[in-house]
Structures are given as structure tokens and as C-alpha cells.
Amino acid sequence: PAVLLLRTRDLFSLPFPLARPVATSLSVQAALRGWRLLLLPAAFPQARLSPQARWRAQSGAERRRRALMEQLGVKLEVLPGGRRRWHGCDKDTPRCFGSIAAQTPQYLLAGRWTPPCCLRALRATARHVLAQLEEAGVRHWLEGGSLLGAVRLGDLIPWDYDVDVGLYRDDVPKCRWLAAVAATGRPVEDPQGFFWEKAAEGEFFRVHFSRTNRLHVDLWPFYARAGAVMTKDTWLGHRQDVEFPERFLVPLGSVPFAGVMAKAPNDPRAFLELKFGPGAIESPEYPNPEVRRLAQDMDTK
């Protein structure tokens with residue numbers, strides 16, 4: 001039981017004014033509007049319940065809470081004491097967003113950044129793939145926006161939807177998962193549930209968080225052409241999709257990324273400015289500013 005003192009017009013201006021559990025629902029929606037709520041200690045005696053009835057009540061409350069979080073679009077709760085409760089995607093569910101058009105996922109169009117559960121899955125997939133490549137002796141490095149995020153933040157860019165890794169095409173057979181996919185053309189699921197396949201868009205590979213959840217790392221096979229210039233066989237027309245001198249990779253450097261040290265070009269700034277233009281590190285922008293610009297959302301983040 002609770003007593004709520006609130007103007008009627010304020011209550012019914014909320015998107016979900018009567019969603020249950022009411023106290024949690026109002027707290028979340030009020031916080032988003034900058035309202036301050038004072039929650040008083042329970043002022044009503046609680047009914048005495050049998051252990052079975054108490055279990056049913058607790059289970060019902062938990063179901064309603066989870067349904068509320070899904071309704072509100074909340075992916076992560078940070079509870080008192082710092083404990084976290086996840087409500088977003090995992091290995092057994094699809095990712096939280098659909099197809100991507102013009103390098104712009106649905107959440108950006110809605111003025112949001114990548115859901116935290118999706119970032120968590122991308123980090124896990126990246127760490128797994130980088131470890132597999134390192135163990136197999138495959139020469140590899142962070143590419144594109146992933147390198148940009150590593151240099152800026154030591155992590156993923158907070159609105160990113162995949163991870164890009166370059167590797168030497170000659171080293172593909174060294175990784176047993178890539179070798180199996182290249183030899184048969186069929187996808188392979190490794191013992192940790194990550195799903196390796198050849199990308200439908202061209203001559204590169206893709207490693208998904210799981211067979212169901214398609215958050216992924218793209219693996220781009222590069223090779224040196226005349227003049228020690230690194231090139232590849234598939235170009236998707238992205239701004240950063242350009243050839244570059246092999247000297248950036250000899251020797252390879254390293255940068256912190258998603259909780260590990262990842263291989264990277266030996267001069268990340270020069271490499272990124274070659275790909276994205278001068279000032280790329282200090283001037284963040286969405287992948288396709290013609291669709292949506294970062295400035296549109298900065299005052300709401």
C-alpha cells in the first residue's frame with residue numbers, strides 16, 4: 001500500500017501513468033522528466049503470509065517488474081549497492097535493434113545510443129575474437145570506428161553497432177574457425193557459442209555473439225599489393241574504406257580496448273586521419289551525418 005500525492009495532469013502526462021509496479025514505474029518516468037520524488041517508509045501494516053503465498057507474491061512482483069522494464073525500454077537497472085540487473089538481449093535472444101540502413105541503426109534515429117546489453121555483447125565478442133586470433137598467430141589490428149573508439153575512450157564508441165578488425169589474408173588458415181569457414185563455405189559455432197561465417201556482402205568474415213544474437217565482429221582480410229600498400233577485395237563504400245601503407249603494420253602496436261590490450265597500427269593517429277580526415281579523434285560524429293548528426297543528441301545524453 002502507498003499514498004501518492006501528485007497533480008492529475010502530471011500523472012496522466014506520463015507515457016505509462018498506471019503501469020505496475022506503480023512505485024517503480026513512477027520513479028523511472030519521473031527521473032526521466034527531472035521530477036523529484038520522496039519515497040516514505042511503509043506506513044501500512046503488511047498482511048501476514050504463509051511461505052508459499054509469500055513466494056507467489058514475490059514471483060508475481062518480479063514478473064511485473066520485468067514486464068515494466070520491457071515496456072519502458074530499460075535494458076539495465078543499477079540497484080542499491082551497485083548490483084546490476086539486466087533486461088536486454090543475451091545469447092538466447094535477438095539483438096535489441098533491427099536492420100541498419102545507411103550506416104544508421106534504429107536507436108540513433110530515435111535519438112538514443114547503443115543499448116548497454118548490446119555493448120556488453122559486442123565487448124564479449126570482440127575479446128573472444130581477438131584472443132582466438134592472438135592464440136592462432138594471426139596478424140590482426142583494430143580497424144575503422146573500433147580503432148577510433150579505442151584511441152578516444154579505450155572502448156567501443158557508445159553509439160556503435162559492430163566491431164571491425166583487419167587481418168592479413170595469408171594468415172586466415174592459421175585460425176581453425178576461419179579455416180573451416182573458408183574451406184567449406186559453411187558457418188561454424190565454436191565451443192563458447194560464438195558463430196563464425198563468411199559475410200554475405202563480400203570477401204570477409206563475420207563472428208556473431210551467438211547463432212541467435214547477431215551482434216558481431218567483422219574480420220577484413222587485407223594483403224599487400226605493389227608498393228607495399230594494403231588492400232582488400234571488398235569495399236562497401238564507407239568513408240574509412242581506403243587503402244593504406246603497410247608501414248602502419250610493421251611493427252604492430254597496441255591500444256586498450258574493451259578491457260584488453262588489442263593490436264593496432266603503430267601510429268594510430270596518422271592511420272585514423274588517413275582514413276577519416278584531420279581531427280578525427282577530437283571531432284566525433286555519427287557514421288552518416290546526412291541522416292543524423294551527433295549535435296542533435298549531445299544535450300540529451
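## The second largest pocket

The second largest pocket holds about 910 Å³ of space. Of its 41 lining residues, the closest to its centre are Gln 103, Tyr 161, His 238, Gln 240 and Pro 287. Helix H6 (144-153) gives the largest share of the lining, 5 residues. Strand E4 (162-168), strand E7 (205-208), strand E8 (216-225) and helix H8 (268-276) also give two or more residues each.

Some terms need explaining. The search uses a 1 Å grid over the protein atoms alone. A pocket is an open set of points with protein on both sides within 12 Å along at least five of seven lines. Lining residues have an atom within 4 Å of a point. Grid points are joined across faces, edges and corners, and a volume is the space filled by probe spheres set on the points. Helices (H or I, at least four residues) and strands (E, at least two) are DSSP runs, numbered from the N terminus.

## The model

This is a predicted model: local features need pLDDT of at least 70, side-chain atom pairs need 80 or more, and totals for chains, interfaces and linings use all residues. Residues are numbered from 1 along each chain as its sequence is written, and side-chain values use heavy atoms, without hydrogens or water.

The protein chain has 8 helices and 12 strands. Its C-alpha trace spans about 80 × 45 × 30 Å along the principal axes. Of its 301 residues, 44% are buried (under 20% relative accessible area; exposed is over 50%, partly exposed in between; 1.4 Å probe, protein chains only).

## Pro 287

Pro 287 lies in the segment after H8. Pro 287 counts as partly exposed because its relative accessible area is 34%. Leaving out residues up to four places away in sequence, Pro 287 touches Gln 103, Leu 108 and Trp 159 (contact: heavy atoms within 4.5 Å). Pro 287 and His 238 are 49 residues apart in sequence, but 8.7 Å apart in space, C-alpha to C-alpha.

## Asp 190

Asp 190 sits in the loop between strand E5 (188-189) and strand E6 (195-198).

Beyond its neighbours within four places in sequence, Asp 190 contacts His 128, Trp 177 and Trp 196.

How values were computed. 1 Å grid on protein atoms, 1.4 Å probe; cavity = no way out; pocket = protein on both sides within 12 Å on 5 of 7 lines; lining within 4 Å.
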